[in-house]
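My entries follow the order in which I checked them.

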Amino acid sequence: MAKSLEENGPRAPAAEGSLSGTRESLAPGPDAAATDELSSLGSDSETNGFAERRIDKFGFIVGSQGAEGALEEVPLEVLRQRESKWLDMLNNWDKWMAKKHKKIRLRCQKGIPPSLRGRAWQYLSGGKVKLQQNPGKFDELDMSPGDPKWLDVIERDLHRQFPFHEMFVSRGGHGQQDLFRVLKAYTLYRPEEGYCQAQAPIAAVLLMHMPAEQAFWCLVQICEKYLPGYYSEKLEAIQLDGEILFSLLQKVSPVAHKHLSQQKIDPLLYMTEWFMCAFSRTLPWSSVLRVWDMFFCEGVKIIFRVGLVLLKHALGSPEKVKGCQGQYETIERLRSLSPKVMQEAFLVQEVVELPVTERQIEREHLIQLRRWQETRGELQCPSPPRLHGAKAILEAEPGPRPSLQPSPSIRLPPDAPLSGSKGKSKTSKQVQKEPRKPGKESGQQDRPPAPSQAKAAAATGDASPPQDVPPKDLAPQDSAHHRSRESLTSQESEDTYL
């Protein structure tokens, strides 16, 4: 089942260096000794004599390959405004997705606030719904013994994932442990697929922003909804998308398309890692996060657009092509892209403005699939249709979201104080529908409802409180419990995984 990059792409187990030649090489090189030294340190930048080591705002060791120089900082006031808007969206997610999806898309293009990015990715991808639909499933997989043939390969890949990030700098640290748990759980969840080497950086990025269980379900959504078939044994889906990318390039940049055609360079030679790792090993980290924000919202078309932008600016003019007379020079040009092209603001603007739509991608997919069947026969590992972004996933898999649609379950008198104005108006309307007698409101507050009232409440959908607890005491408790359950996820994402 395992294939190397030289055959069909970065299937595991693969030879070391199968994903080399990018911003963060997997192959051991001249800095391997330094990497091992860093890996021997304690987890989370423990002292051990290295207390002076500085970490950038993304968690990378300053001066390492993953760290970035000067960044364009969002003004604090703007950031706080964006956080407030995103909190409102997340607390009313179904309503926003149903009526204001375009607004969500625009805000994803501007960038999700770092404090809410992990939580937003879960909502956008549908990972939160999958977790609600499968309570305890991850724990069950986590406690199960994995397939030895995959466990050994996963362990050998752990130290290669972002070795200069504080979360993964230590061999056996909590980051590598969680990464192992997530990848092992997926091999048990989808044993027919097993483990693919390109899944490791995807899972690692998710773990930088959320706990292991949430990261697992987001990984499931990426593998099954966003990029189905990418990590299967034959890698047929990524080969098809390579042909789709090359065909779209003819419309976006005829010069680059002509040059790659003349050099007879197969798309798999330059786009495999781009697409399978969602550019997490190619772009500067600030650009990676912005691309992922849009990817979770709009789907795989963002990956295609980023690839097309990079190809256009690397090989899109006669002057740029002159320095690439052979295959080797061309591949090296695509592996050492201009920092200006990969810069966050420039790249995002180019991606947003590039006119490549879902319909174009799907039309081209049908054309390339027909050509595949004519030349190679039927697909050996057919994959399910991919879903283009958060709205398509929501419509295909609505799922229960009780925490996103709060509704009071306790009948309250109309003059009872409530914690929120929205809840107050909603509860008051429910109570006004209840028949009541004048002059007995205070008595109703001090004693439980009669059996007839309880039956009436049940008929209208309201649950009557226990007879030994006054309703006025229950309402604030229920509201606090609801808020605590919602804020727990937010707290995990905002405070622990920044």
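The entries below go from the whole chain down to single residues.

**Ground rules.** I am working with a predicted model, where local features need pLDDT of at least 70, side-chain atom pairs count only at pLDDT 80 or more, and totals for chains, interfaces and linings use all residues. Residues are numbered from 1 along each chain as its sequence is written, and side-chain values use heavy atoms, with hydrogens and water left out.

**Confidence.** I started with pLDDT, the predictor's confidence in each residue, from 0 to 100. The chain average is 77, and 67% of the residues score at least 70. I then went through the elements; helices (H or I, at least four residues) and strands (E, at least two) are DSSP runs, numbered from the N terminus. I count a contact when heavy atoms are within 4.5 Å. Residues 403-409 also stay under 50, with 20 contacts beyond four places in sequence. I keep one caution in mind: where pLDDT is low, the predicted coordinates should not be read in detail.

**Whole chain.** I find 26 helices and 0 strands. Of the 498 residues, 51% count as buried (buried is under 20% relative accessible area, exposed over 50%, partly exposed in between; 1.4 Å probe, protein chains only). Among contacts between residues at least 6 apart in sequence, 75% join residues at least 24 apart. The chain exposes about 23400 Å², and carbon and sulfur atoms supply 52% of that area (Shrake-Rupley method, 1.4 Å probe).

**Core.** A nonpolar core is a set of buried Ala, Val, Leu, Ile, Met, Phe, Trp, Tyr and Cys residues joined through side-chain atoms within 4.5 Å. The largest one has 114 residues. Leu206, Phe216, Tyr270, Trp292 and Leu310 have the most contacts inside it. I followed Leu310: leaving aside neighbours within four places in sequence, its contacts include Trp274, Phe279, Leu337 and Met342.

**Helix α13.** Which residues of helix α13 (residues 254-262) are buried? I get Ala256, His257, His259 and Leu260. They lie on the same side of α13 because they cover an arc of only 165° around the axis, taken from the directions from the helix axis to the C-beta atoms. Pro254, Lys258 and Gln262 are exposed on the other side. The buried residues pack against α12 (236-252), α14 (268-276), α16 (301-315), α17 (318-322) and α18 (327-335).

**Positive phi.** Lys264 lies in the loop between α13 and α14. Its phi is near 55°, positive in a residue other than glycine. Lys264 is exposed, at 68% relative accessible area. Leu235 also has a positive phi of about 55° and is not a glycine. Leu235 sits in the loop between α11 (212-226) and α12. Leu235 is buried, at 0%.

**Cysteines.** How many disulfides does the structure hold? I count 0, taking a disulfide as a pair of cysteine sulfur atoms within 2.5 Å. Cys108 is in none; the nearest cysteine sulfur, that of Cys297, is 4.0 Å away. Cys108 is buried, with a relative accessible area of 0%. Cys196 is in none either, and the nearest cysteine sulfur, from Cys277, is 8.1 Å away. Cys196 is buried too, at 0%.
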